[in-house]
Each structure stands twice: as structure tokens, then as C-alpha cells.
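Thanks for coming, everyone. I have a short tour for you today. Please bring the structure up on your screens.

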Amino acid sequence: VQIDKLFKDEATEEKGERARMASFIGAMAIADLVKTTLGPKGMDKILQSTGRGHSVTVTNDGATILKSLHIDNPAAKVLVDISKVQDDEVGDGTTSVVVLAGELLREAEKLVNAKIHPMTIIAGFRMASECARSVLEQKVVDNKQDSEKFRSDLMNIARTTLSSKILSQDKEHFAKLAVDAVMRLKGSTNLESIQIIKKPGGSLKDSFLDEGFILDKKIGVGQPKRIENAKILVANTAMDTDKVKIYGARVRVDSMAKVADLEAAEKEKMREKVQKIISHGINCFVNRQLIYNFPEELFADAGVLAIEHADFDGIERLGLVTGGEIASTFDNPESVKLGHCKLIEEIMIGEDKLIHFSGVEMGQACTIVLRGASPHVLDEAERSLHDALCVLSQTVNDSRVLLGGGWPEMVMAKAVDELAKKTPGKRSHAIEAFTRALLAIPTTIADNAGLDSAELIAQLRAEHHKEESNAGIDVITGSVGDMSVLGISESFKVKQAVLLSATEAAEMILRVDEIITCAPRRREGM
């Protein structure tokens, strides 16, 4: 009797060759998808959702593109996840990770077809990535001590990160913004205290960095427009109970006069609450919820600036930045931590009025205001700037810097190639394959710039055979250039993360020899 059915109906399994085939092809397809966004001349993708409103995203950020895809292929999902992790971990290099992993698998496929066992390939990849990492570590430059040089390193890294994004036109301007913002953080990687506000209108050049905190709200009617030495109470409490709400309340009364009494009682309660709040000795009250006209009027009489409906992000951040805590009860004033700042005033950006808190408790807080032609441009600018900020804040902690432009890959490839020549056995094929995969990154950078990649890579290789070469691809002139002169740098941390994540992901997919897809659940009543 043939035991045929191990799984339920409609469950499918792919074994051996076919499974490996499916995972290789899926992974390579994903890699080819984001390949064109790599490098300073990389193209953008438009992602259009099919949901309501058909929202459109235009982006160059590998992680953003992959996050929005709905993918069926299990191996492709692994690549999507490594790009996400890369995004969370170091913020940049999301495309490179996927491209490198895809190339490793492409090479691995050839080796598997040549009857080399996947475990042998994995062993070879392991040796190669170790070797590549140690070579990079020897080549890093660390200018932590010399602050002038370190700053120029940071500027170079910011420029390099931004040059593959929409901000590449004004990268000087934005690199400066990003470096200034990160230098204020003084080494913490908490990007919470850098706030990014997007205001449509103007051009990207009009973006600026402002010390202090900007709240995207208007100041209420009849209230002081500027306050010096402000004491701020940040609260999350209901300030809209001084009227009986007609729709939400059920009151049984026997005459209209009683309703008036009720209203008066509510008003009294409200007045007491406002008195309590004012008795904290504050002159600015920020609330997350509505403030009705009556309490607003009371605050205005007391000379307290009341801001209503500050959204939650704004409130949390405002509390963080001014050193206050969010309060919701006001019975014991001594236990509430108030926030402080030197000056609160109203400023205009474009057509909108915003409230600017300057001289705040936390010196590292600042706000970057982005201007741009349309919401899409602003979103993409924010993503690009966020990438730059992440990379810079990581670099401030781990100040080792490498040159960019395909230079690190060439250095690694050279070292790995030498290792391959020394290694006996089949593993050497895998190590050699690793070299070819590393070369894919400079190749792709050149291809995206429309250059003759084969010619350029050959030239680069020759350059790198001389000792201590700084050669990389200069996409602007379309030739091999000196990266240290051009000021193209990358953070060591990013490169290392790219290398290790890609190798591990490729390893994981290589280990697969069977894919089992479970049967879809039947809907009842079909």
C-alpha cells in the first residue's frame, strides 16, 4: 500500500532541487528589484497602495520599498527582514544588504549546480566574511580625538549617505543640518530629541535647523503671545466639562432652571480645576485634549498661555525636552515636575503659525523644519534625513570611518581572493564566489550611473593591487577616482552590519532543502 498522503489536502511541499531553486530565484528577484536604487545615481520607486485613497510613496530607501511589498516567496521574506533589521540597527545600507545577499545566493546557485554541498559553501562563506571583516578593521580611520577632522568626517559621511537620496541636490545644506543636529546630541543615539516638522511650501533649500522645540499649534485667542522664563505644565486631562453636552448627557430635570443650576455647578468645578492648575505657579499650560472657551478665558485672565490639542508625539517630546512630566491630576502641586524654558513665542513658517520654545532644559533638543514642494517630497526627504541622522549618531559612538564608493568592497574582495588561493579543497570555490559577490556592489553602482562597469571594475582591481590605494568609483566623472580626495566616506559600523547580515541571510537560505506550505483554511459555508 502506497502511503501517499502525509499532509492535508492542498498542502504543498517542494523538495531538494526545486525548493532550493524557488528560494534562490525569489531572493535574486528581490535583490534585482532594489538593485537599481543603489548608489548616487540610483533610481526611485513609486509604491502605490491599492487600499483606500491609493496613497503613493516615492522612495529610494531599500527598507521602505521592501516593507511595502506583499511577498509570497519565503526566501524573499528573509531578505525583507534583513533590510528591516539593517534599518532599525544602523539606518542606512538597507539596499546594499539585500543586493549583497542576493549576489551571494546567485553565486551559491552556480556552486550547487556544480555539485558542491551547501554546507561546504556555507563554511567557505563564513571564512570569507571573517576575513573581509578583519581586513576592514585594519583599514579604518579614527579621528575621534581631533574634533575638527572628526567633524569633516561626519560631514563626508552625511554627504555620502544623502547623495543617493532625493536630497542630493542640496546635500551640502542637509549634511550640515544633520551634523549640527547630531553634534548637539553629544553622543546619545536617542533621536527622539531631534524633531522633524514637515511643512509643504517653499523649496527643500528653505529647510532649517532650530534650537529648541517647535510645537505645531496656534496660540489661543486673547492669550499672551510671548512668555519669558516659562514654567510649563504638560497635562493630559479633560478641560471641556463646563457645559452639559447635549448629545452625550442624560439629565432628568423638572424645569429648565435646574439645567441652569447644573451648568453653574459644572462651571464651578471647572473654575476650581483651573485654579488648581494655576496654583502650580505656571505661566504656560499645554494640554493634549480640548480646552473649552470658558477655561481658556480663565487662563487668559490669569496670564497663562494655554495650548490645547497638542498631539501625543508633541506632548511626549515636549515633556522630555523641557524636563517636565505629563500630569493628569492636580491635587498636590509639589509632586508635579514642571518643564522650563527661556522663551515661548509664536513664529511663522510659510503660512502657518507655530509655537517655538527656546532655551529648553535639555540642551540637545532641536527641531529640523523641512520645506518642500509636495507631501511626497517631504516624506522622502524625512526618510533620507532620518537615514543620515541614524548613521551619524552611530558614527559619533563608534567613530571608525572608511572610504566609500565601492572602495571597501574592493579591499575586502582583494583580501578574500588571496584567502581563496591559500585555502585547499572545495571551500576555495565558495570563497572565490564571495569575492565575486562583493564586486557586485561597485558593479551595480557603476551600472546605475550608466557607466561601463566591466571596464571600471577591471581598472579598480588593477589600482587596488598597488599598496594602500584609495581608488573607488567616481560616478560624477565616470572614472576611477581617489575617494579620500573626493571626500566620500562611510561609517565602519554600517559596512560591518551589511557584510554580516548579508552573509547570515544567504547562509540561512542556503540551508533550505524543503519548503512546506500549509493548506489554506477553508471558510465556513463554502
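In which sense do β5 and strand β14 pair, and over how many bridges? The sense is parallel, and the bridges number 7. One word of caution before we go on: this is a predicted model.

Let's stay with that sheet. It is open and has 3 strands, in the order β5-β14-β6. The pairing is mixed. β5, residues 194-200, and β6, residues 208-211, stand at the edges. Each has a single partner strand, so one side of each is left without a neighbour in the sheet. On average, neighbouring strands here are turned by 25° against each other, direction ignored. β14 covers residues 366-372.

T395 sits in α11. Is T395 buried or exposed? Its relative accessibility is 0%, so T395 counts as buried. The T395 side chain has a polar atom 2.6 Å from the backbone oxygen of V391. Leave out residues up to four places away in sequence, and T395 touches F150, L154, I157, V401 and S491.

Hold on to S491. What does S491 cap? The N-terminal end of α16. A side-chain oxygen of S491 lies 3.2 Å from the backbone nitrogen of K493. The helix itself runs over residues 492-510.

β18, residues 489-491, is one of its edge strands. The other edge strand is β4, residues 141-142. Each of them pairs on one side only. The sheet is open, with 3 strands in the order β4-β15-β18, and the pairing is antiparallel.

Next, the hairpin. β12, residues 339-349, pairs with β13 in the antiparallel sense over 8 bridges. I349 stands opposite D352 in β13. The hairpin has 2 residues between its strands, and G350 in the turn has a positive phi of about 60°. β13, residues 352-360, has another antiparallel pairing, with β7, residues 213-215, over 3 bridges. There, F213 stands opposite F357.

Last stop, the cysteines. How many disulfides are there? The count comes to 0. The cut-off is within 2.5 Å. C341 is in no disulfide either, and its nearest cysteine sulfur is that of C284. What about burial? C284 counts as buried because its relative accessibility is 0%. C341, at 4%, counts as buried as well.

That's the tour. Over to you.

Note on methods:
Residues are numbered from 1 along each chain as its sequence is written. This is a predicted model: local features need pLDDT of at least 70, side-chain atom pairs count only at pLDDT 80 or more; totals for chains, interfaces and linings use all residues. Side-chain values use heavy atoms; hydrogens and water are left out. Buried means under 20% relative accessible area, exposed over 50%, partly exposed in between (1.4 Å probe, protein chains only). Helices (H or I, at least four residues) and strands (E, at least two) are DSSP runs, numbered from the N terminus. The expected span of a helix is 1.5 Å times one less than its number of residues. A polar contact is a pair of N or O atoms within 3.5 Å; within protein, one must be able to donate a hydrogen and the other to accept it, and residues adjacent in sequence count only if both atoms are side-chain atoms. Two strands pair if DSSP finds at least two bridges between them. Axes are lines fitted to C-alpha atoms, for helices over the stretch in contact, and angles run from 0 to 180 degrees between N-to-C directions. Contact means heavy atoms within 4.5 Å.
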